[in-house]
Structure formats: C-alpha cells, structure tokens
Amino acid sequence: MGATEASVGLVYLLPPGERVLRLAVVSGVSRSIAAPWARIPLDAPIPVAVAMRRRRIVWLASQEEVARQFPRLGLVLPYDFRLAAAPVVIGAAARGGIVLLWPTEHPPRLSHRERHVLGASCRSTARVLKQAADNGRPLLPQDEPRLLRPQRSGEPDPAQARAAFEFAERFPEGCCSLNIEGRIVFLNSATAQLVGADAATLLGTRPWESLPWLHDPVFEDRYRAAMVARQPSTFTARRPPDTWLSFRLFPGAGGVSVHITRADTEDIPTSPDRRPDRAERPAGALALYHLTHLAAVLSEAVGVNDVVELVADQLVPAFGPAALALLTVEEGRLRVAGHRGYATEQLDRFNAVPLSSGMPAARVLASGVPAFFANPVDLERAYPPAVRHDGMAAWAFLPLTASGKAIGTLVLAYEQPHAFMPPERALLTSLAGLIAQALDRARLYDTQRQLAHSLQTGLLPHSLATVPGLEVAARYQPAARGLDIGGDFYDLIRCDRTGAAAAIGDVQGHSTTAAALMGQVRTAVHTHATAGASPGEILARTNRLLIDLDTGLFTSCVYAHLDLARQEVRLASAGHPPPLLRHPDGRTEILGLPPGLLLGIEADTDYTTTDIPLEPGSVLALYTDGLVEAPGVDIGVSTAALARELSDATDRSLEDLADSLTAPTAQHTPPSDDIALLLLRPTGGRLDREQGAGPA
C-alpha cells in the first residue's frame, strides 16, 4: 500500500482443502465495511476470486466498470474508486490474493511500476506462506481479520499535542475526528455546542448512533463513501428544533476529519423535516447494504448447501450476532443445516426438535410470527425450559416460510442483552423471507440435480478399461448452472493385444435428449472401435448414424487409436478442440488435426486420419470445450494457456495431473459448460500378450 499509495488493502488466503477464500488482513477501512467479503467462494464473481482463477491481475478503472463486470460488488459499494486484485500463487496453485483500492485521482491505468510492486508483493507473500507450511506451521486466517493501522511518520511530542488541542479549541467552528471504525476520538468544544450534546458522552461513539437526529442511513452512508472512495463528502442535517448544520468529511488513512458549521440558507432543504421517534428510526446504511449484498449472493446460490454456507458466512459478520443456527424441516423435525459461533454440543438443544414441541424454534414456525427476546428474563417468561441453554443473552427466532410451506427456522443469538427496535425487527424479518425463498428454490434444484446425476452416471463408463503399458486418468465436471446433465462423454476401449482406443466428445445442449444421444454416440463409437476400422472411418460411420436418428443435435468428437507396440497414435477429429501432447521432456504442442465437420450435419462427410509418434512418457490430453471456453476470452488463448499448464505441471501421477487441470483455480470462470478430460500416458512397459481384448 505504501509503495503504490493505495488507500485500502485486503489480503485473502485459501486454507488447504477449502474452496472458500477468507479475509486475513484489512487496512484502510473498518472490518464492518469489509464484512460482506470476509468469506468468498472460489467460484464467485468477485475480483479477487477471478484473479485467482485467471492467474493474473484484475483491474477495474471506474465505477462503471465495476457495475458492468461485477454487479454484486457495484450494488453494495456504489462509489467511484479504482481496484486491482492479484493472485498469490504457490507452484501451480493459487493460495490467496491481494486487493488494493485507490481514489479516482489515480490514473485510469496501473503503471508498470505498480504492476511490478503488486506482483512482487504477491510473490513475497507466496514465499512466506510456503516457508511456514514447509516448517509445519502453516499461516491460516483467524476468525476475525487482522486490522492493520496506517503507518505514521512519528508521534507528536506533548508540546505539539497541546498546541494542536489549543488550536482546535480556539477554532470558532466545530471539528472532530472519527477513527477508521467511525467512532469519535476527538472533538473541540464548538462541536459539542453545535450538536447540543456533552463531549464526554460523545467520545467513543458513532455520531449517527449517539445523536438521534443523525440516525438516518444517508448520514452513515456519507462516512462510508468517504472511507471507500477517499473523497471529501458533505451533508446537511437539522438539529431539533430548527438548527441546520453543515457537515464536511475529509477522509484519510486513519479515519475522517469532520468540519461542522451552521448551514447557509441555500443549503437548507425546503421540504419539512421531522425528527423520527426512537422506534421509527430506519435501519443503518451498513445494515441495508448488507441486506442488499445478501440478497444478491442468495440469488446466485443453487443448492441447499450453497444457501446454508452463504447464510452462515454472511450473517454473523454483517448483522452482529455472536452465533446463529439455521434449522430446516425434515420428516416432522427441525434439523441443524448450518451454524456459526455455536459449539457442537450447544446445538443439541436445536437438533431433532419435533415441530409439535413447545420450543421457540418450533413455535415460531407453527405460528409464522418471529419471536424476539431482548434478555434471558424475556425468554424465561415465554419459554421456561429454554432459558440459558446456550449461554447467550438475547435471541431472535425467525420462521422461514415460502409459498405457504414451512422451510425451517433461523436462530440468531447475542452475547449481550439486545433491544430489537422495530426497524431492526423489520430488517431481520425481510432477511428471513429472502433466506426462505432461496432455500425453497435450492431444494427444487437439488431434487432435479439428483435425478440428472443418476442419469448422467448411468451413461458414462463406471470404470475405464485396464490396458497394460498405458496409464489413464479421466475427469468429468458438470456445468456450474443448470441440471448438471449434458452431452460430454469419454471412453477407453482395449482393441487388441497391442492397441487401445480413446474417444471424447460433446453433444450439443444440456438436456435429457442430449444425454440420451450421448449414450447412443458412445455406444456407436465403442462398437465400431472393436471392429478395427480407422479413426476417420469410425467417425464417418458414427456421423451416418446421427443423420439417420435425425435428432437435430450436433456432436463434436476426437477419436484416437493408440498402437503401444509401434509407439504411435492415429487421430481423427469431428470439429472438436485439438488434443494436446506433452513430450517426455515437458515440451507441449497443440495437435493441429484437420478439424472435420461436426457429426450429424452432412451424411457424406469424410474425416482425415493423422498419424503422430507417441513416445513412452508422453501425455496425450483429450478434453471438451468446457475446459477452455470462458466469456470474453479467445478460445485459442485459453487453449494455449491449458498447454502451458500441462507443460509446467509437476504432478507425478496422471490422477494428480487431472486434478490440477480441472481445479477451480485453473479455470478462468466457474464452468458454464460441462468439462470432460481424458489423459493417456504410455509407460513403455511390456504388453500382456496373453490377455485378449475386453470392453470398457
């Protein structure tokens, strides 16, 4: 941050074995502002996650670019700033990321020096992480991100501090200082007089919380905008009964300096203003932004597990409870689907509670009316057996219902007594409604996905043929959206004592029709392969079959016949992405096969067979376009990147290599199409001439 003059900095780490980035370090803004992004799924459309998947810097030069490329981020941070996100890469894996923000005074492009500094910082972070892991003491993010205070050139001596204080006291207008959390850490006497409050009662408080007439989302939002965008901000407010004040905010690395004066006549709004009663005060700006953010992320959740994890990750840091439990209805009982802040043994009071019981979690679901308990006395009065079982001091029990169906109950618990004012109750009730709708959609999706998964697994090979002298690994990943069913297929067939055939293909579409056609194509290829035809002839015969079936769907395919004795492979392609061949020395080439026409278009189509040497130790990679296609990225560039990934891979086994190539951090974006990958490596071992051919 110092070397690039960035105003905000964030460091994310990806714990081993996890798929969720966690915020480890924050500087320049408060933890509460950063809370919506404390945990980020690796496949989320958020700049740092995209930077990790693409293995390069993501640069956003304006508010317009943020809104266009990352609408979720733009919705919750509607301010103008510039942003860079860069990956922290260890070996072939992205293990974290660094995010920097600048005010708009920064040029619209990153300079060469800034890119160098950011890259060097990522490499330095990677070395620290690797060294710690190698020493058996891995650096892992804590529950709360570490807040780094800005570096200062020096501390004032007592004489300077006294002189500054006297200067502020002589100043005829109000001036005060807010720290990075928005709390007042200094104010002069004029400030106390202007706002009509005692200085001692204001110190340590946030102005929009301690001054009732400032309790409006607009005022808190001005502070938030100043800290994020690092731009001066102003607003006018009325101190009852009729004193109008002008507030000017000047942000810096350590907080905000506020200048307060009586407002000029032209700055006073003409519309009448009424001081809201305490019970009428609206929810704070930060709470509304958190609600908006949660609504956005829930709209992108697909399965029940996604919803549960998002709710658990977002609610505790954003809305302030010490713990939560998300309960769902299963066979007439409430079951714990997710939780944060509770120890496992504390969840027994919630788990397997019958819906007919008198416990508050079940009662609110039966009545449909939320229950709020500001302290243990209130809870004991309503439910004597329920009090103090979890060691908390305040609770909210929120029923989750959607389309007239009981979905479950959300339990929020607070460590201190908590007065739930009407605006907060309304906010939490709205929150429960969003969660219930998301869970309802997710349940339907999970049911459809399970049906699709059963069909898909029935059509793909349960295991691949064992071929002496040939090491094989295969992967299939469904698309990130949809029914998880498509037309991608692969197969391995042992043809004779010295040869094997491999095929991979992609039927157009994501539907049961595409899946059924995939099964027919795979069967046809398998049948023709055992008949001993050439790769080009096998594709031609399969093409005629698709024409006869007249499904209206097209299919791409690559067929390879491996002659392990002669150390060569014969290939033919029907409009499929080109295979990759990594030689034993690590050099990788993209095999430029004659592409051929897609299967199912023209009956009288010929497909060219190409012979290529295949040395022992080489790796032949066959894949479908889902592995290389990404919005806005040329497929040739993506294919070249995959070839470099294959060339640079240090994995000893094909299984590890397949995992590396299909890992989320190896992909540009969450896959919008199915991914199939088939890796083949001749080992040079002696072929078993006693064993005959066998099917996959």
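Reader: How much accessible area do Phe554, Leu597 and Ile601 have together as a nonpolar patch on the surface?
Author: This is a predicted model, where local features need pLDDT of at least 70 and side-chain atom pairs count only at pLDDT 80 or more, while totals for chains, interfaces and linings use all residues. A nonpolar patch joins Val, Leu, Ile, Met, Phe, Trp or Tyr side chains within 5 Å, from residues with over 30% relative accessible area and no salt bridge. A salt bridge is a side-chain nitrogen of Lys or Arg within 4 Å of a carboxyl oxygen of Asp or Glu. For Phe554, Leu597 and Ile601, the accessible area (Shrake-Rupley, 1.4 Å probe) together is about 230 Å².

Reader: Is Ile601 buried, partly exposed or exposed?
Author: Numbering runs from 1 along each chain as its sequence is written, and side-chain values use heavy atoms, without hydrogens or water. Ile601 sits in the loop between β25 (588-590) and β26 (610-613), helices (H or I, at least four residues) and strands (E, at least two) being DSSP runs numbered from the N terminus. Buried means under 20% relative accessible area and exposed over 50%, with partly exposed in between (1.4 Å probe, protein chains only). Because its relative accessibility is 38%, Ile601 counts as partly exposed.

Reader: Which side chain of opposite charge is nearest to Arg230?
Author: Arg230 lies in the loop between α10 (217-229) and β10 (233-239), and is buried yet has no salt bridge. Its side chain does reach the backbone oxygen of Met227 at 2.4 Å, and one of its polar atoms lies 3.2 Å from the backbone oxygen of Gly28. Lys and Arg count as positive, Asp and Glu as negative, with His and the chain ends not counted. By that rule the nearest opposite charge, 9.6 Å away, is Glu105.

Reader: Good to know! Which residue forms a salt bridge with Asp659?
Author: Side chains of opposite charge can pair when their charged atoms come close. Asp659 has its closest N and O atoms 3.0 Å from those of its partner, Arg475. The pair links distant parts of the chain, 184 residues apart, with Asp659 in helix α19 (residues 654-662) and Arg475 in strand β19 (residues 470-477).

Reader: Where do Glu537 and Arg541 both lie?
Author: The side chains of Glu537 and Arg541 meet in a salt bridge at 3.1 Å, N to O. They are four residues apart, about one turn of the helix, and both lie in α17 (residues 535-549).

Technical notes:
A polar contact is a pair of N or O atoms within 3.5 Å; within protein, one must be able to donate a hydrogen and the other to accept it, and residues adjacent in sequence count only if both atoms are side-chain atoms. Patches are made of residues with over 30% relative accessible area and no salt bridge: like charges are joined within 9 Å, nonpolar side chains (Val, Leu, Ile, Met, Phe, Trp, Tyr) within 5 Å.
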